[in-house]
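This briefing covers a few local features of one protein model: strand pairing, a charged side chain and the packing of a helix. The points are grouped by topic.

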Amino acid sequence: MLHKEILASAGLSPADLYSGTPSSQAITVHSPIDGVELACLKPTTQADIPGIIKLAHNAFEQWRTVPAPRRGELVRLLGEELRAAKHELGALVTLEAGKIRSEGLGEVQEMIDICDFAVGLSRQLYGLTIASERPGHRMMESWHPMGTCAVISAFNFPVAVWAWNAALALVCGNPVIWKPSEKTPLTAMATTKIVERALARFGDAPNGLLQLVIGGADIGDALVSSKRVAIVSATGSTRMGSIVGPKVAARFGRSILELGGNNAMIVAPSADLDMAVRAIVFSAVGTAGQRCTTLRRLFVHESIHDVLVEKITKAYASLPIGNPLDAGTLIGPLIDKTALQHMQNALEQARQQGGEIVGGEPVSTNVPAGAYVKPALVLMPQQSDVVKHETFAPILYVMTYSDLDTAIHLQNDVPQGLSSCIFTLNLREAEQFLSAAGSDCGIANVNIGPSGAEIGGAFGGEKETGGGRESGSDAWRGYMRRQTNTINYSSQLPLAQGVKFDF
């Protein structure tokens, strides 16, 4: 009954939830909490995609000429509607993705925050004025809308990542087509209803400005392959990005890739250990270890290793595991039993590579159909192959180091480069970690964990993480095209670099 109440409060009717009949094509949605079937959806077909893209392109031709502050007004209204629906949408995030209540609410707050950011941005799409070497000339940069933006999002942040992209894309003058994970389409459907309320209040937005498609990899591929989709923002695995990136590049489109992360923390001898433990526990087990920025590798100075491991082990033992809808729960389920099996396989590999494992066992709860598991602490003798591979589960590999140069080298010695941090009270160590010779990640923090980024900074990473940037800072430039303008207000026509061409 509670499931039905959450779905109804989010605006999803029985007709929304059962739009198809069970078949090999239908998308059946189950809650990771208890395995209960939530919906059976008729997917978008590949034959539908050209019409959807054409509608978006028609919307682009109108929306690109709307003044940016007016475009920001739509995003302001969206933020208002999200505020009004925060608790209902947050509960649906918990039901469909398995996040605990506060994390579900926090994800919707992230959507609200990026709307606020984008509204201000709509009056700050600045270009440069550049000194010209030619007399009577002025140079400047202009930024213009790019075109249709496809957003392919993952299950672990089923709505926030769309908002990061959509809020910026809208104020930059672009329509958006959203393909959510087939594991979490209901949150996308509920968000679309919220969007419709904002559009109705706005009044004169073009049809097709914000569209939703439901389906699997074939639908994503149709968006990725279309020359009329100017931008593809894809969040997911490195394997997925290795397919999307080359396909978009082959047609000279633009991709924004947010892919794998194998995030690390270095704990130095001077660290505040109590504060480090709090950061370690949240970063390693929050969202059941299924964040892109989850802490997966911990490098501890050999002089404090035993003390810190004892503190973490004690903290892990106190964590309530169970139904994320229940007050007090801190660790909910993995997204499905397949994720649980991947975790067990990784732990077995770690054991074979010399790891000593504490925890990691499946947990019996009052909702036995869910994939509940104890977080695993794995003491490793070295950074072996299994450690360098990201497993999307609450596994924390712990290793020792003797000097900071070695710790930084180990941190950087993985294919991924998303988030990183150091706990130290030594200014020299902190500055070395943040220097060009320090962390090679897109995010590097001091005395704060790698997880839980604010929207004000650009989010993304390097190497196999994809190099994309979303959310704050100047990430908006990824949704616009730069144009260099030179204006001659003189009566002469001098050439640059002193070239003479008289005739």
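Strand β12 (residues 356–359) pairs with β13 in the antiparallel sense, over 4 bridges. The model is predicted. On β13 there are also 4 bridges to strand β14 (residues 395–401), and here the two strands run parallel.

**Strand β13 and its partners**
- A376 of β13 is the bridge partner of G359.
- A376 also has a bridge partner in β14, namely I395.
- Strand β13 spans residues 376–379 and is covered on both faces.
- A376 and V378 are buried on one side, while L377 and L379 are buried on the other.
- In a regular strand, side chains alternate between the two faces of the sheet.

**R297 in strand β11**
- R297 belongs to strand β11, which comprises residues 295–301.
- R297 is buried but forms no salt bridge.
- The nearest side chain of opposite charge is D440, 7.0 Å away from R297, whereas a salt bridge requires the charged atoms to be within 4 Å.
- The R297 side chain does reach the backbone oxygen of N262, at 2.8 Å.
- Beyond four places in sequence, the contacts of R297 include N262, N263, A264 and M265.
- Other contacts of R297 include Q383, V387, Y397, M399 and Q411.

**Helix α9**
- Helix α9 covers residues 217–225, and its buried residues include I219, G220, A222, L223 and V224.
- The buried residues of α9 pack against the helices α3 (49–63) and α10 (238–250).
- They also pack against the strands β5 (148–152), β6 (176–179) and β8 (229–235).

Notes. Residues are numbered from 1 along each chain as its sequence is written. This is a predicted model: local features need pLDDT of at least 70, side-chain atom pairs count only at pLDDT 80 or more; totals for chains, interfaces and linings use all residues. Side-chain values use heavy atoms; hydrogens and water are left out. Buried means under 20% relative accessible area, exposed over 50%, partly exposed in between (1.4 Å probe, protein chains only). Lys and Arg count as positive and Asp and Glu as negative; His and the chain ends are not counted. A polar contact is a pair of N or O atoms within 3.5 Å; within protein, one must be able to donate a hydrogen and the other to accept it, and residues adjacent in sequence count only if both atoms are side-chain atoms. Contact means heavy atoms within 4.5 Å. Two strands pair if DSSP finds at least two bridges between them.
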